[in-house]
Amino acid sequence: MSSSKNVLAVISGPSGVGKGTVIKRMFELEPTLCESISCTTRSPREGEKDGREYFFVSKQRFEEMIQGGELLEYSAHFENYYGTPRAFVEEKLKTGDVILEIDVNGALSVKKSHPSAVLIMIVPPSLEELSRRLRSRGTESEEKIAVRTARAQFELSKRDKYDYCVVNDEVDRAAERILDIIRKHKEVL
Ligand code: 5GP
């Protein structure tokens with residue numbers, strides 16, 4: 001995709017693993033990183049802004065983007081579409097390393113079209129710890145926790161397809177490890 005030596009790093013991890021916190025820390029430690037912004041058909045949550053967390057689009061617009069090849073990958077979760085805008089990522093890659101935070105299916109499609117991408121999965125210290133973290137949010141019903149735990153088990157079962165797995169035992173340490181992986185990957189591009 002890019003002739004420069006900028007890295008496309010795809011980061012996945014089950015819900016509750018603390019992905020968002022680790023990625024936020026990576027940006028604090030390395031402000032030159034760029035984050036791709038995905039498109040979604042879900043409604044904005046409180047505090048979310050169009051063009052910041054996501055580009056919020058209608059289902060019709062999303063389907064046009066699929067048809068027009070405007071998405072690098074896309075998938076459906078919890079009855080909504082999510083996808084990575086191709087042109088946006090290509091532009092960002094011209095200026096720096098790009099982080100894509102997407103699910104397992106999306107990550108594997110990106111690797112197919114861009115084999116030079118590095119796939120990193122953030123994993124919990126254990127499945128028990130993940131369930132505990134999901135519960136401690138206190139916002140989800142037991143039924144939803146069960147759905148998320150099953151989804152987490154599915155995602156973790158794909159860890160062998162990733163280039164690296166990073167255990168989120170401690171946020172700073174996990175963020176540093178991922179930044180190291182990106183630096184090393186730059187050398188082999
Ligand atoms: P949420 O609605 O909580 O923001 O995200 C739900 C799920 O959608 C998360 O697992 C997240 O990783 C995934 N997701 C967000 N953006 C993308 C994207 O561009 N492509 C794919 N395939 N998944 C995404």
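Student: What share of the 189 residues of the chain counts as buried?
Tutor: This is a predicted model, where local features need pLDDT of at least 70, side-chain atom pairs count only at pLDDT 80 or more, and totals for chains, interfaces and linings use all residues. Residues are numbered from 1 along each chain as its sequence is written, and side-chain values use heavy atoms, with hydrogens and water left out. A residue is buried under 20% relative accessible area, exposed over 50% and partly exposed in between (1.4 Å probe, protein chains only). Of the 189 residues in the chain, the buried share is 44%.

Student: What radius of gyration does the chain have?
Tutor: The radius is taken over C-alpha atoms, and the globule rule is 2.2 Å times the number of residues to the power 0.38. For 189 residues, a compact globule would come near 16 Å. The chain agrees with this, because its own radius of gyration is 16 Å.

Student: How many helices and strands does the chain have?
Tutor: Both are DSSP runs numbered from the N terminus: helices are H or I with at least four residues, strands are E with at least two. On that basis the secondary structure comes to 7 helices and 9 strands.

Student: In what order do the 5 strands of the open sheet lie?
Tutor: Two strands pair if DSSP finds at least two bridges between them. β2 and β7 are joined in parallel by 2 bridges, β1 and β8 by 4, and β8 and β9 by 4. The pairing in the open sheet is parallel, and the order is β2-β7-β1-β8-β9.

Student: Which are the edge strands of this sheet?
Tutor: An edge strand here pairs on one side only. That describes two strands, β2 (34–35) and β9.

Student: How many of the residues of β8 are buried?
Tutor: In a regular strand the side chains alternate between the two faces of the sheet. In β8, Val118, Ile120 and Ile122 are buried on one side, and Leu119, Met121 and Val123 are buried on the other. For the strand, residues 118–123, the count of buried residues is 6 of 6.

Student: Which residues of helix α4 are buried, and why are they on the same side?
Tutor: An α-helix has 3.6 residues a turn, so residues three or four places apart point the same way. In α4 (residues 104–113), the buried residues are Val104, Gly106, Ala107 and Val110. They are on the same side of α4 because the arc they cover around the axis, taken from the directions from the helix axis to the C-beta atoms, is only 160°.

Student: What covers the buried residues of α4?
Tutor: Contact means heavy atoms within 4.5 Å. The cover includes β1, β5 (71–77), β7 (98–101), β8 and α6 (142–157).

Student: Is aspartate 172 buried, partly exposed or exposed?
Tutor: Aspartate 172 lies in helix α7. Although 151 residues separate aspartate 172 from threonine 21 in sequence, they are 9.5 Å apart in space, C-alpha to C-alpha. The relative accessibility of aspartate 172 is 33%, so this residue counts as partly exposed.
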